[in-house]
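This report looks at pockets and at one pair of packed helices. Please keep the sequence and the structure in view while reading.

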Amino acid sequence: MKAINRSANKKGDDDYYNRLFSYFQSQFYEKIIQFVPLRKTVIFLRTEQNTYIIKGYSTNSRLKLQEVFTDTLKKEGFTKTYSYLTPLVKDQLFFEGTYFGCIEYLIPHKTAFSFHTEKNRQEGLELLEQFHQTTSLFEARYRTLLPKGHLLEKWTDRLNMFTANFPFIKYFINELVLADMVSWAKWALAGMEKKYRHFFKDPLVILHGDVAHHNFLRDHMGSLHLIDFDLICIGPPAFDYLQYANRILPSIDWSFEKLIKHNQMKKYAHEEAFLYALAYPADIFREWNRLIREKSYTDSVKLKQVTDLSIKQYYARKRFVDHLQEIVK
């Protein structure tokens with residue numbers, strides 16, 4: 001039995017998945033009984049003996065890095081993630097320019113993980129802290145394999161791209177609101193540049209790089225796992241915690257006090273480099289730049305999501321930034 005969610009895919013995508021399914025049928029010694037595309041190159045695949053997540057990579061070296069990294073994580077004691085498996089196949093899985101790896105399927109909990117509850121937010125932080133503690137043990141071994149996390153340069157480029165997209169964005173967002181967002185970003189970057197070396201007081205770790213809620217997976221037994229290491233890089237733990245803060249602040253009403261109640265955030269409550277960086281509207285810039293780059297503004301649902309992100313919490317975010325500017329002035 002093959003299952004393809006055709007309602008979510010265009011005809012061209014269906015043709016690709018039909019070819020991919022036929023290819024997997026020809027390669028697996030196990031009989032395939034279910035094949036469900038989750039994303040472009042992420043497939044849920046069930047055979048008579050096993051269940052896999054099949055994930056595609058643009059190069060074989062990217063795939064091998066992920067296999068080795070997750071294996072190192074497990075060997076060094078971080079068990080709350082998946083493993084890469086070796087399925088019974090004829091040859092390495094390679095189809096139309098993409099290398100595919102087979103990942104252990106973690107049966108998800110009936111309730112998906114989100115940042116809406118304090119319990120989840122704290123549990124996610126604790127798991128991220130465990131991840132950093134583990135990767136600090138072997139970070140030096142990966143220095144030649146992984147890029148360094150250059151947050152200041154990355155965010156400067158993101159701001160420049162956002163301002164270049166002004167002619168389009170101003171049709172949806174008031175120009176005074178846009179001006180505020182840019183002023184927050186410039187204030188944040190200026191402060192970060194002045195205090196940037198303070199980020200590196202802590203030992204370097206391997207950063208996850210994408211601590212969105214969908215990269216925390218609670219399994220059917222209730223254990224929380226950290227998944228998807230495509231954006232790993234080397235840097236100070238603060239870089240991941242900044243991203244985590246940006247992700248959870250909408251769920252805590254942009255409250256600085258609620259943010260620093262978490263032990264992992266409390267240590268940064270008086271760290272000016274961290275406070276400057278908290279003011280940077282990373283999520284808004286990221287989503288607008290992606291929307292325009294991918295030309296998905298023709299999708300009314302996606303356009304509304306990004307517009308709502310920019311407008312609905314504008315005043316709460318402004319109060320938050322004003323508070324930060326009072327703290328570090």
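## The largest pocket

Helix α11 gives the most to the lining of the largest pocket, with 8 residues, and α4 (151-164), α7 (237-248), α11 and α12 each supply at least two; helices are DSSP runs of H or I with at least four residues, strands runs of E with at least two, numbered from the N terminus. The model is predicted, with local features needing pLDDT of at least 70 and side-chain atom pairs pLDDT 80 or more, while totals for chains, interfaces and linings use all residues. Residues are numbered from 1 along each chain as its sequence is written, and side-chain values use heavy atoms, without hydrogens and water.

The volume of this largest pocket is about 1,800 Å³, and among its 47 lining residues D210, R247, R286, E287 and R290 lie nearest the centre. A pocket is an open set of points on a 1 Å grid over the protein atoms alone where a 1.4 Å probe fits, with protein on both sides within 12 Å along at least five of seven lines, and lining residues have an atom within 4 Å of a point; the volume is the space filled by probe spheres set on the points.

## The pair α11 and α12

The axes of α11 (residues 282-293) and α12 (residues 300-311), which are lines fitted to C-alpha atoms over the stretch in contact, with angles from 0 to 180 degrees between N-to-C directions, come within 10 Å and cross at roughly 155 degrees. That makes α11 roughly antiparallel to α12, a term for angles over 145 degrees.

In α11, D283, I284, E287, W288 and L291 meet K302, L303, V306, T307, L309 and S310 of α12, where contact means heavy atoms within 4.5 Å.

Technical notes:
Parallel < 35°, antiparallel > 145°, perpendicular 65-115°, else oblique.
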